[in-house]
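Visitor: I would like to learn how to read a few features of a model such as this one, beginning with the terms themselves. Could you take me through them step by step?

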Amino acid sequence: MEKHRSLKRGQKMAHHKNTPPRPPLHVLLDVWIFHGLFGLLMLAPLMFGSVEPWSIFVLEAGVALLCVMWTVQQASSSEITVRWNLLFAPMLVFAALILIQIVTGRTTYRFDTIRVARLYCAYGALCFLVVQLLQKRAQLKLLAMAFTAYGFGVAAFGLVQSFTSGGELYWYRAPRQGGSIYGPYVNRSHYAGLMEMLVPIPLILSFSRYPEGNQRTLARVAAVLMASTIFLSQSRGGMVAFVVQMAVLGVILAREKRGRTAATSLGIFLVLVAGMLVWLGGSELNQRLISIHAAANTEIAGGTRLDIYRDALNMFPQKPILGWGLGAFPEVYPRYRTFYTNLYINEAHNDYLQLLVEMGALGFLTMLWFIGAMYFRALKKIGNWADDPNGTLALIAMLGVTGILVHSVVDFNLQIPANAALFYVMCTVAALDARFTAPQRRLRMSKRDTAPALVVR
């Protein structure tokens with residue numbers, strides 16, 4: 001009996017000895033925050049683009065919870081590390097301009113400015129967390145596969161819904177104020193905006209050296225479906241933005257030594273997209289394509305888009321320095337409207353003009369600083385993008401951002417929280433320091449390329 005008990009005691013001790021130690025709290029929190037962060041970015045578009053009060057609350061509360069978790073994670077670790085990003089400076093200046101509007105009463109509608117400012121705080125917090133958490137090459141591979149699968153799923157859902165739903169979101173909810181739904185969005189242009197940011201992920205991944213086995217084929221299939229739905233959604237702005245993205249990619253590929261091979265792959269991709277459009281698009285898509293040049297600026301409410309632009313330009317000289325206040329455009333615009341309509345015009349349908357009106361020249365210049373800094377850092381890293389994970393990531397993010405920047409000339413994707421959150425995160429990712437090592441070798445990084453960090457032990 002004693003021998004049996006000793007044997008069992010020995011087995012228990014061996015079992016405990018072989019059991020790996022439980023990871024410390026700060027390591028577990030790091031993993032949870034990372035998955036929660038990018039899970040929230042994926043969830044936001046599915047909640048109708050996060051434009052309704054309940055979905056905005058979920059987005060803002062989710063970001064707040066992640067920030068609390070990150071604070072606890074830092075407090076529980078042996079040292080506090082805060083990494084800097086080139087874009088944080090213009091973001092802080094923009095936040096200061098909003099604060100000035102609120103504190104000094106320079107905003108026309110203080111409630112709206114505070115409401116939209118909360119969203120911008122959420123965007124900024126997401127960008128901050130991305131810089132702190134995205135550190136390992138294994139994370140890039142996980143995100144590439146996850147967002148490829150996510151984009152394919154959303155595109156397939158949008159395609160099936162467009163043929164079967166009869167104009168209802170998720171087959172059960174009809175938009176209260178009408179709309180041209182596609183996927184989880186009431187407005188097809190906002191669906192196209194989401195795809196403009198997601199398509200470069202599987203597309204560039206399929207051109208790089210990183211996919212293994214069937215991953216390259218799966219990435220190409222996902223890219224073809226996602227790109228096709230931009231056209232099948234019949235968003236003119238989305239079509240133009242996608243063409244510009246492919247032109248930019250073509251120029252980058254043409255400057256490389258392996259440009260002929262990559263250009264051939266890009267050509268095959270575009271042929272496959274065209275084939276899918278011919279198969280699924282029909283005559284309605286053909287008419288939409290033909291009308292791009294004639295109707296791109298006259299689509300809104302009976303040809304009023306250009307009138308909105310003129311009226312917005314007339315608003316700017318009244319408050320040229322700090323603007324009318326963040327989020328105040330829909331409340332101020334009616335007094336400057338020069339045409340009759342019974343519709344409520346809540347956006348300028350041009351993100352640049354709306355920013356100029358709401359934030360004035362100072363806010364507009366800060367935006368130019370933000371975008372210029374992003375391109376400056378991204379372009380420095382894409383010279384060897386096919387072999388360097390830092391360059392691959394920068395090219396993906398830069399192409400996605402470029403699509404939205406083009407589309408924003410004729411639409412308001414950046415007023416849609418789900419799209420805006422992903423846009424600002426991609427800008428931040430494009431401007432990341434060179435922190436990832438290439439496979440089978442470690443890249444030597446100079447001091448200027450090392451992530452600036454404040455470390456407190």
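Guide: Let us begin with burial: a residue is called buried under 20% relative accessible area, exposed over 50%, and partly exposed in between, with a 1.4 Å probe and protein chains only. The model is predicted, so local features need pLDDT of at least 70 and side-chain atom pairs count only at pLDDT 80 or more, while totals for chains, interfaces and linings use all residues. Residues are numbered from 1 along each chain as its sequence is written, and side-chain values use heavy atoms, with hydrogens and water left out.

Visitor: Is Asp112 buried or exposed?

Guide: Asp112 counts as buried, at 11% relative accessibility, whereas Arg115, at 31%, counts as partly exposed.

Visitor: How many salt bridges are there?

Guide: Side chains of opposite charge can pair when their charged atoms come close. The rule used here asks for a side-chain nitrogen of Lys or Arg within 4 Å of a carboxyl oxygen of Asp or Glu, and by it the count comes to six. One of them joins Asp112 and Arg115, at 3.7 Å from N to O; both residues lie in helix H5 (residues 110-133), three residues apart, or about one turn of the helix. Helices here are DSSP runs (H or I, at least four residues), numbered from the N terminus.

Visitor: Which residue forms a salt bridge with Glu52?

Guide: The partner of Glu52 is Arg173, with the closest N and O atoms 2.4 Å apart. Glu52 sits in the loop between helix H2 (25-46) and helix H3 (53-76), and Arg173 in the loop between helix H6 (137-164) and H7, so the pair ties together parts that are 121 residues apart in sequence. Glu52 is buried, with a relative accessible area of 14%, and Arg173 is buried as well, at 19%.

Visitor: At what angle do helix H7 and helix H8 pack?

Guide: Two packed helices are described by the angle between their axes and the distance between the axes. The axes are lines fitted to C-alpha atoms over the stretch in contact, and angles run from 0 to 180 degrees between N-to-C directions. Helix H7 (residues 188-198) and helix H8 (residues 200-207) pack at about 20°, with their axes 5 Å apart. That makes H7 roughly parallel to H8, a label for angles under 35 degrees. Where they are in contact (heavy atoms within 4.5 Å), Met195, Glu196, Met197 and Leu198 of H7 meet Pro200, Ile201 and Pro202 of H8.

Terms used
Helices (H or I, at least four residues) and strands (E, at least two) are DSSP runs, numbered from the N terminus. Angles under 35 degrees count as roughly parallel, over 145 as roughly antiparallel, 65 to 115 as roughly perpendicular and the rest as oblique.
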